[in-house]
Amino acid sequence: MLAGVCNLYTNKSTVAEMADLFRAEPSRGFNAPQETYPGYPGLVIREQDGERIIEQMAWGFPRHTVNKRTGQPNKPQPVNNLRDDRLWTFWRKQFLDPAARCLIPFTAFAEAEGVKGQMTRTWISVADQPVAAWAGLWKQTDEWGNAYSGVMCDATPELFEIHDWMPVILHPRDHDAWLHAPAEEAMQLVTQYPAAQLVVNRTDQPWFARRPNEGAALP
């Protein structure tokens, strides 16, 4: 089992396909990275002036720490996953505001399996949604501009041997509620996706494979 959580996902749909599927308009021209890593650009769907837009943001909220040896600030690190049990506490400000919620389009997310140093990628996709939406929050940051992070919940028993957390995957009928509903109603959507609709694909691809040259890491 991997100690971390979801640190890699794919989105193999085009901007045009996402615009049609999510009834959204791109806010400006940009490339759609097929693989997204923490601290790199990814695409989200959010509401602006009563309309859905597709926007490129940094994946992860900046987290600041101090070097214990030198006492100097470390380079900010991306917080790319948000635990569901902290939505009412640490992330309360964003969660209570529907305008701060977003949809994160993806085709599959990856987890690492195997012994340390030899982990491989296990991909999990949604059988009934070729392009699904992960429930997320976004905010403006001084460090990286607009940034987003995905909400996590306990994994289904069927996935627990892979990881004990999983992304909160939304049903298409719930997209509007996540983007508009009061927090109490939105919280009802923070739950496990049916395991029968999840497809697990174990590969021999190394977890730390070379990253594609799509997009650049944030400073």
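**Salt bridges and cysteines**

Analyst: Eight salt bridges are counted here, each being a side-chain nitrogen of Lys or Arg within 4 Å of a carboxyl oxygen of Asp or Glu. This is a predicted model, where local features need pLDDT of at least 70, side-chain atom pairs count only at pLDDT 80 or more, and totals for chains, interfaces and linings use all residues. Residues are numbered from 1 along each chain as its sequence is written, and side-chain values use heavy atoms, with hydrogens and water left out.

User: What is the mean pLDDT of the protein chain?

Analyst: pLDDT is the predictor's confidence in each residue, from 0 to 100. The chain's mean is 90, and 92% of its residues reach 70 or more. Residues 213-219 fall below 50; beyond near neighbours in sequence, this stretch has 15 contacts in the model (heavy atoms within 4.5 Å). Where pLDDT is low, the predicted coordinates should not be read in detail.

User: How should I read a salt bridge? Which residue does Arg121 meet?

Analyst: Side chains of opposite charge can pair when their charged atoms come close. Arg121 pairs with Glu35 at 3.7 Å, N to O. This bridge links distant parts of the chain: Arg121 is in strand β11 (residues 120-126), Glu35 is in strand β3 (residues 35-36), and they are 86 residues apart. Strands are DSSP runs of E, at least two residues, numbered from the N terminus.

User: Is Arg121 buried or exposed?

Analyst: Buried means under 20% relative accessible area, exposed over 50%, partly exposed in between (1.4 Å probe, protein chains only). Arg121 has 1%, so it is buried.

User: Which residue does Asp85 pair with?

Analyst: Asp85 bridges to Arg83, with the closest N and O atoms 2.7 Å apart. Asp85 is partly exposed at 44%, as is Arg83 at 42%.

User: Which residues form a network of salt bridges?

Analyst: Arg23, Glu47, Arg52 and Asp176 are linked in one.

User: How many disulfides does the structure hold?

Analyst: A disulfide is a covalent bond between the sulfur atoms of two cysteines. The cut-off is a pair of cysteine sulfur atoms within 2.5 Å. The structure holds zero.

Note on methods: Helix = DSSP H or I, 4+ residues; strand = E, 2+ residues; numbered from the N terminus.
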